[in-house]
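Good morning, everyone. Please have a look at the sequence and the model while I get started.

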Amino acid sequence: PGELAVDPEVNLLYVTLPSRGAVASINTTTNVVRKLIQIGEAPYGIIVSPNGRMVYVSDGNGEIIPIVASTGKAMKPLQIGGSGPVEMAMAPNGKTLYVADTASNRLVVIDAVSDLIQKNIQVGSAPDVLVVPPRSDDVFVVSGSNSLVRISAHTDAVTGKVKLPKVGVADLAVSSDGQDLYVSNSQEDTVTAFGVNTDRVQ
């Protein structure tokens with residue numbers, strides 16, 4: 001298995017299966033596989049839209065595959081180029097999808113309504129994990145293992161960069177009120193909290 005995404009409204013868990021070129025949807029009430037969705041080679045990253053209507057899967061061929069959640073039907077892949085889009089995040093309103101294309105050192109901005117690429121943003125080397133805090137106008141992405149890059153969701157411009165103390169960032173998470181950003185470091189065995197509006201260590 002690869003990554004997981006949950007749609008709590010309908011009790012479904014989605015799991016990417018890279019070795020099988022598929023995504024499994026699992027009923028979390030019965031723990032039974034509801035459907036196996038074939039989508040192609042090397043699926044990995046996965047995310048559910050805020051309204052639960054769409055599921056998006058990234059693969060190793062430079063594609064994003066939209067899946068209609070109600071039917072489990074895989075739609076025409078979105079070609080974004082590059083060789084390794086992995087992590088994704090979505091704006092709280094569900095209208096914009098952000099994809100960290102690690103191999104091409106960019107953040108790809110996709111209009112989730114038209115399924116068209118809006119912009120490619122250069123954010124430094126090997127962007128990886130990313131997050132869009134609720135009630136925020138910014139996107140945060142880790143670049144080069146130890147830089148936290150802030151991007152305006154309105155202008156798609158890089159508006160700030162924070163040098164993290166050490167390399168080895170493993171993941172990002174945001175508090176429920178959207179005020180604090182948490183950064184885990186696998187090499188240091190630490191979790192650092194930053195103020196979303198201040199970029200300062202809490």
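I will begin with the whole chain and then walk through a handful of residues.

A word on the source: this is a predicted model. Every value I quote is computed from it.

Let's start with the overall build. How many helices and strands are there in the protein? Zero helices, and 20 strands. Along the principal axes, the C-alpha trace spans about 45 × 35 × 30 Å.

Of the 202 residues, 49% are buried. The accessible surface comes to about 9,800 Å². Carbon and sulfur atoms account for 49% of that surface.

Next, contacts along the chain. Take the contacts between residues at least 6 apart in sequence. Of these, 30% join residues at least 24 apart.

And charge. There are 15 positive side chains and 20 negative ones. The centres of the two sets lie 4 Å apart.

On to single residues. Please find T16. The residue sits in strand 2, which covers residues 12–17. Is T16 buried or exposed? The relative accessible area of T16 is 0% and the cut-off for buried is under 20%, so T16 counts as buried.

What does the side chain of T16 reach? The backbone oxygen of Y44, at 2.8 Å. There is a second polar partner. A polar atom of the T16 side chain lies 2.8 Å from the backbone nitrogen of E3. Leave out residues up to four places away in sequence, and T16 touches a list that includes P1, G2, A22, V23, P43, I46 and V57. E3 and Y44 are on that list too.

Stay in strand 2 and go to L12. L12 is buried as well, at 6% relative accessibility. Beyond the neighbours within four places, L12 is in contact with A5, V6, D7, I26, N27, T28 and R34. For a sense of distance, P133 is 121 residues away from L12 along the chain, and the two C-alpha atoms are 23 Å apart.

In N11, phi is near 55°, a positive value in a residue other than glycine. N11 is partly exposed, at 36% relative accessibility.

D115 is another case. Phi of D115 is near 60°, again positive in a residue other than glycine. Where is D115? In the loop between strand 12, residues 106–111, and strand 13, residues 116–122. D115 is partly exposed, with a relative accessible area of 30%.

Further along, look at V158. The residue lies in strand 17, residues 158–163. V158 is partly exposed, at 40%. Which residues does V158 touch, not counting those up to four places away in sequence? I121, Q122, V123, V149, R150 and I151. S58 is 100 residues from V158 in sequence, and 24 Å away in space, C-alpha to C-alpha.

Then G168. This glycine is in the loop between strand 17 and strand 18, residues 169–174. G168 is buried, with a relative accessible area of 11%. N185 is 17 residues away from G168 along the chain, yet their C-alpha atoms are separated by 5.2 Å.

My last stop is R135. Find the loop between strand 14, residues 130–131, and strand 15, residues 138–143. Is R135 buried or exposed? The relative accessibility of R135 is 67% and the cut-off for exposed is over 50%, so R135 counts as exposed.

R135 still has partners. The side chain reaches the backbone oxygen of S176 at 3.0 Å. The side chain also reaches the backbone oxygen of D177, at 3.1 Å. Setting aside residues up to four places away in sequence, R135 touches P92, S176, D177 and G178. A24, by contrast, is 111 residues away along the chain, with 31 Å between the C-alpha atoms of A24 and R135.

To recap two of these stops: T16 is buried, and R135 is exposed. The side chains of both reach backbone oxygens: Y44 for T16, S176 and D177 for R135. That is my tour, thank you.

Methods. Residues are numbered from 1 along each chain as its sequence is written. This is a predicted model: local features need pLDDT of at least 70, side-chain atom pairs count only at pLDDT 80 or more; totals for chains, interfaces and linings use all residues. Side-chain values use heavy atoms; hydrogens and water are left out. Helices (H or I, at least four residues) and strands (E, at least two) are DSSP runs, numbered from the N terminus. Buried means under 20% relative accessible area, exposed over 50%, partly exposed in between (1.4 Å probe, protein chains only). Contact means heavy atoms within 4.5 Å. Accessible areas come from the Shrake-Rupley method with a 1.4 Å probe; for residues, only the protein chains shown count as cover. Lys and Arg count as positive and Asp and Glu as negative; His and the chain ends are not counted. The place of a charge is taken as NZ of Lys, CZ of Arg, CG of Asp or CD of Glu. A polar contact is a pair of N or O atoms within 3.5 Å; within protein, one must be able to donate a hydrogen and the other to accept it, and residues adjacent in sequence count only if both atoms are side-chain atoms.
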